Amino acid sequence: VLGREVHQDVLGGTERCSSPSKAWLLEKSSSIESEDLAYLFDNHLQSLPFAYKLYVADRDEDQNFGSNGKYTEQITQIHSKSQDFWRDSGAEDDIRLLGAHGEDLADRDKLIPTLKMIFGRSYHNGYTVEEHATEIQDLIERLPGGYSNPLLTFNAFFSNDAGAILIGDGYFEFQQSQGLESVGPSYAVTHEHAHHLQYALSDFDSDD
C-alpha cells in the first residue's frame, strides 16, 4: 500500500509526506523513471524477495540480515531471547526468522519459481515466465543500486500462515538513515513477535 502511494505521489508531483518512511521512499524513488516505477509496483517486485523466502526457499537455508549480514548477530540474539521468554511463559511454538534480499532476484533459479507461484496463470505461449523474469531483471539492473535497491525489500512483517517474521534489507537501510541503527533492528524483531502473540491470542486478523 505504501509503495502504491509513493508511486502515485511521484507521478502526481506532490510533495506531501505523511511519515518519515514515506518521505524516505519518495526520495529513493525520485531518480527512477516513472515507467520503471510503475512496472515495479504493477509487477509486485517489492513482494518477490519476501515471497521467495516464504514459499520457495529451502526451510533450512541459512539466514542473514542487512547488507553483507551486518545485523545478523544482533537480530538472531534478540529473536532467541524473545523465543526463550515466551517459551518460559508456556508458548510452545517456534517462530522462524527470515531475511529478505533483493539479490535473490538475480538468481533465475530463485526468481522463476517465485514468479510461477504468483503469476502462474498469466503465462502462455506468447508470454513465458522466462520472458517475464528477463524483463524484471533488466528493470532491476536499471535501478540505482540494482538488486540492492531498498524499494525491493522495504518491509518487515509477521506471517501467521507461515509462522515467520520477515525483515527486508531495505527496512534496515531506512532505520540507519533515521539514526536508529543501534536499536532499530531489535525493535523490528520484538514488534513483529508481538504480532505473533496477537494472533495467538486471537486478537488480530491479518498480517502486519
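This is a predicted model: local features need pLDDT of at least 70, side-chain atom pairs count only at pLDDT 80 or more; totals for chains, interfaces and linings use all residues.
Modeller: Residues are numbered from 1 along each chain as its sequence is written, and side-chain values use heavy atoms, with hydrogens and water left out.

Colleague: Why does Lys81 count as exposed?

Modeller: Exposed means over 50% relative accessible area, buried under 20%, and partly exposed in between (1.4 Å probe, protein chains only). Lys81 has 58% relative accessibility and therefore counts as exposed. Lys81 lies in helix 5 (residues 72–88), where a helix is a DSSP run of H or I with at least four residues, a strand is a run of E with at least two, and both are numbered from the N terminus. Lys81 and Thr190 are 109 residues apart in sequence, yet their C-alpha atoms are 9.8 Å apart in space.

Colleague: What makes Phe154 and Tyr171 a tilted aromatic pair?

Modeller: Rings of Phe, Tyr and Trp (its six-membered ring) pair if their centres lie within 6.5 Å; planes under 30 degrees apart count as stacked, over 60 as edge-to-face and the rest as tilted. The whole structure holds 7 aromatic pairs. For Phe154 and Tyr171, the centres are 6.2 Å apart and the planes are at 40°, hence a tilted pair. This pair links distant parts of the chain, 17 residues apart: Phe154 is in the loop between helix 7 (129–142) and strand 2 (156–159), and Tyr171 is in helix 8 (residues 169–177).

Colleague: Why is Tyr171 called buried?

Modeller: Tyr171 has 17% relative accessibility, so the residue counts as buried. Phe154 is likewise buried, because its relative accessible area is 17%.

Colleague: Why is the pair of Phe154 and Phe174 edge-to-face?

Modeller: The ring centres of Phe154 and Phe174 are 5.5 Å apart and the planes are at 90°, so the pair is edge-to-face. Phe174 is in helix 8, 20 residues from Phe154, and both residues are buried. Ring pairs link Trp24, Phe154, Tyr171 and Phe174 into a cluster.

Colleague: Which residues are buried in helix 3?

Modeller: Asp36, Leu37, Ala38, Leu40 and Phe41 are buried in helix 3 (residues 34–42). His44, with a positive phi near 60°, follows helix 3.
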